[in-house]
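Here's a quick tour for anyone meeting this structure for the first time. Have a look at it, then read on.

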Amino acid sequence: MTLKIEGLVLRAVKYGESDKLITILTEEGKIFFKARGIRSLTSKNAAGCTAFVYSEFELEQRGDKCYLKRAVPLYATVRQGADVVSLALASYLAELAEDTARDAETGKTVLRLLMNALFLIAKEDRPADLIKSVFEMRLLVANGLMPNLSGCASCGKGVDEVPSFFFRLLDGDLICPDCINSFDTELVRVRRDVIALCMRSIEAPEEKAYALKVPEGILRDFSRFTERYLLCQLERDYRTLDFYRQVKKLSAPAEEKNKKETQEERQTNGNETL
């Protein structure tokens, strides 16, 4: 039986001397197949089976296994030569998508979320942590894990009534400081402005959620919050997330230097104009 389908390559793992095991995400969910001889220099299918490339695939299905017959790349979501932070973030989001697109029902939504996020990563004009955190929140919601951020789950006190709350990672809701003694589950303190940002990232149209202008301090806390909630709900850690954190930390001094040089250049140009 021959299957023709379009999908995004999430993972390509070396197998044997010349083969690869490919995982793609389609609107019908995940598909796994073996690509024979794809590591050969003469393979015509190699480009279509590269990570983060959206391709058209022709697969041969034998029982419960699939084998690649043809792969035609349609477009690359992450450009060649992208910086290491962009690649690390793309790898992390792809692993999240692979974990959470469990069936056809979630496959279409997760594919759309991932494609949009990868497109923004490639543009390199949005903060990486904003893309990461908005994706994490919307992915959780797509999997039925919408947090309750309206107010205290115990007394009903609204978010606008208290400067900060405690968030129950397991239950996905807020507890105000006055009610905290009644609960012993895992908690994380979260400020009102971070709660508001979480709600906007969920409720805003997707393109507007990624366009939010967020001060650096709030974005840092937002990123930590979404990470902790997601890792608790999915009950696992991600090496790709650890790698993203590491390379982002290492790149920070260079980013600050470039930012300073740009500001000095603009100031110099401005003085010359005057």
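Val190 has a relative accessibility of 4%, so Val190 counts as buried (under 20% relative accessible area is buried, over 50% exposed, and in between partly exposed, with a 1.4 Å probe and protein chains only). This is a predicted model, where local features need pLDDT of at least 70 and side-chain atom pairs count only at pLDDT 80 or more, while totals for chains, interfaces and linings use all residues. Residues are numbered from 1 along each chain as its sequence is written, and side-chain values use heavy atoms, leaving out hydrogens and water.

You'll find Val190 in strand 9; strands (E, at least two residues) and helices (H or I, at least four) are DSSP runs numbered from the N terminus. Leaving aside residues up to four places away in sequence, Val190 touches Ser164, Phe165, Phe167, Leu174, Ile195 and Phe225, where a contact means heavy atoms within 4.5 Å. Asp221 is 31 residues away from Val190 in sequence, yet their C-alpha atoms sit 8.2 Å apart.

Strand 7 and strand 9 run antiparallel over five bridges, and Phe167 stands opposite Val188 in strand 9.

What about the cores? A nonpolar core is a set of buried Ala, Val, Leu, Ile, Met, Phe, Trp, Tyr and Cys residues joined through side-chain atoms within 4.5 Å. The largest has 72 residues, and Phe135 and Phe167 are among those with the most contacts inside it. Apart from it lies another core of 14 residues, including Ile5 and Cys49.

How confident is the predictor? On pLDDT, its confidence in each residue from 0 to 100, the chain averages 89, with 90% of residues reaching 70 or more. Over residues 260–274, though, pLDDT stays under 50, and the model has zero contacts beyond four places in sequence there.

Terms used
pLDDT is the predictor's confidence in each residue, from 0 to 100. Two strands pair if DSSP finds at least two bridges between them.
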